[in-house]
Amino acid sequence: MEQLNPVPGEAEKLRALRTMKLVALSFLLAATAIFLVTVLWSDPPPWVGYVRAAAEAGMVGALADWFAVTALFRRPLGLPIPHTAIIPTKKDVLGDSLGDFVGSNFLSEAVVRERLRRVGVAERLGEWLAKPENADRVTAELSTMVRGAVTVLRDEDVQAVLEQAIVAKVMVVPWGPPMGKLLERVMADGGHHKLVDLVCDQAYEWVKRNEERIQGLVSNRAPSWSPKFVDSLVADKLYDEVLEFAWSIKTDDNHPMRLAADKFLQEFAGQLQTDEKVMRRAEDIKRQVLEHPEVQNVFGSVWSTAKRLLLNAAEDPSSELRQRVRLGLQTLGGRLAGDADVRGKVDGWVEGVAAYLVLNYRDEITTLITDTVQRWDADETARKVELQVGRDLQFIRINGTVVGALAGLAIYTVAQVIG
């Protein structure tokens, strides 16, 4: 059995309980002493009968209430009397009843919604967050949580998750049709012209910078019997033609080469969406790219960079991240405090979440109560309960003595009057 945790102020409560037990016992002893004196009185006056009747009834009342109170926690005088030691023997039943009581009266949807509605969670939260010191406090706590979470996470686990979340999904989706549609859209908007212009400009500049290389290709490939001056003339002529050709492509938007490039791109965009061979080739390229070691290393470097940035931002109170979080919290607090519509939405969400938890997890919550009570030691439970309420229960014994005495006196008086 599980032992109960010590109750705060237990020693003081124990002293108060013992004191009240002595008081209740003193009432019983007083009634007993009076009864014995009146019984042993050899020639008592008439009024002694009234006193004896009151003392006798007071003793009966005191003993009866002592039995009732004691029977709650233990067997009176250790005798196996039925229906005694109620708390130790009925502990589990009491735990079940307590769980049912809490579930029915405190964990009902109507009660929870009404309580939250009266509390005004959104308004209180808004007023609290609107204060800069509270926003700073929440920001600091969030930063601590972020640092803890980022520190605990293993880099290889995060990398594996990123690969599974990104690479696995990319591998499933074909590249061909989306790329074809994207290329068609780019061409329809004329976005590819800037790329073509860039290629043409670079080609022209390359030709200008590599005059000797181009001329050298002609000279090196000329027959050995060809005169050098002829080779030089041919090389110069060829270079001039190439340069002029490159210039015409660069400056003429309707040049046949540009139009041919447009036609090729249009056909290629269609093939990416319809040609099985081209689409398979796109898939092969995709697989080669994603399986390349450098691409795999990208995920690790991305997480390492993000981790370092997060830790630095979380640790620095003046970082942009913490300032934005702090400002966001204060703004949220201001809106909650000043905007009734926003408060209504937030309160509705809070009530909805609480109602969902109550409806779906009420049994688990009440089971926590019943299971906890079942694990308690029976005798220890009785002692703890008596310690909490036993002092008040001793008044039952005192009242039993007094009420019994008064009742006995009244009965005796009526009997004398009638007789």
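**Exercises on a predicted helical model**

S319 is buried, with a relative accessible area of 9%. The model is predicted: local features need pLDDT of at least 70, side-chain atom pairs count only at pLDDT 80 or more, and totals for chains, interfaces and linings use all residues. Residues are numbered from 1 along each chain as its sequence is written, and side-chain values use heavy atoms, with hydrogens and water left out.

**Exercise 1.** Locate S319 and state which backbone oxygens its side chain reaches.

*Solution.* 
- Step 1. Helices (H or I, at least four residues) and strands (E, at least two) are DSSP runs, numbered from the N terminus.
- Step 2. Assign the burial class. Buried means under 20% relative accessible area, exposed over 50%, and partly exposed in between (1.4 Å probe, protein chains only); with 9%, S319 is therefore buried.
- Step 3. List the partners. A polar atom of the S319 side chain lies 2.6 Å from the backbone oxygen of A313, and the side chain of S319 reaches the backbone oxygen of D316 at 2.9 Å.

**Exercise 2.** Classify the aromatic pair Y50 and Y412 and the aromatic pair Y204 and W247.

*Solution.* 
- Step 1. Apply the rule: rings of Phe, Tyr and Trp (its six-membered ring) pair if their centres lie within 6.5 Å; planes under 30 degrees apart count as stacked, over 60 as edge-to-face and the rest as tilted. The count comes to three aromatic pairs.
- Step 2. For Y50 and Y412, the ring centres are 5.0 Å apart and the planes stand at 85°, so this pair is edge-to-face. The pair links distant parts of the chain, with Y50 in helix α2 (residues 47-73) and Y412 in helix α18, 362 residues apart. Y50 counts as partly exposed at 30% relative accessibility, as does Y412 at 24%.
- Step 3. For Y204 and W247, the centres are 5.2 Å apart and the planes at 55°, so this pair is tilted. Y204 belongs to helix α10 and W247 to helix α12, 43 residues apart. Y204 counts as buried at 11% relative accessibility, whereas W247 is partly exposed at 41%.

**Exercise 3.** Describe the lining of the largest pocket by element and by class.

*Solution.* 
- Step 1. On a 1 Å grid over the protein atoms alone, where a 1.4 Å probe fits, a pocket is an open set of points with protein on both sides within 12 Å along at least five of seven lines; lining residues have an atom within 4 Å of a point.
- Step 2. Give the volume, which is the space filled by probe spheres set on the points: about 270 Å³ lies in the largest pocket. Of its 14 lining residues, V196, V199, C200, M257 and A261 are the closest to the centre.
- Step 3. Assign the elements: α10 (192-209), α12 (228-251) and α13 (256-274) each supply at least two lining residues, and α10 gives the largest share, seven.
- Step 4. Sort by class. Ala, Val, Leu, Ile, Met, Phe, Trp, Tyr, Cys and Pro count as nonpolar, Asp, Glu, Lys and Arg as charged, and the others, Gly among them, as polar. The lining has 12 nonpolar, one polar and one charged residues.

**Exercise 4.** State how many helices and strands the protein chain has, and what share of its residues is buried.

*Solution.* 
- Step 1. The secondary structure comes to 18 helices and zero strands.
- Step 2. Of the 419 residues of the protein chain, 28% count as buried.

Note on methods: Polar contact = N/O pair within 3.5 Å; in protein donor to acceptor, adjacent residues only side chain to side chain.
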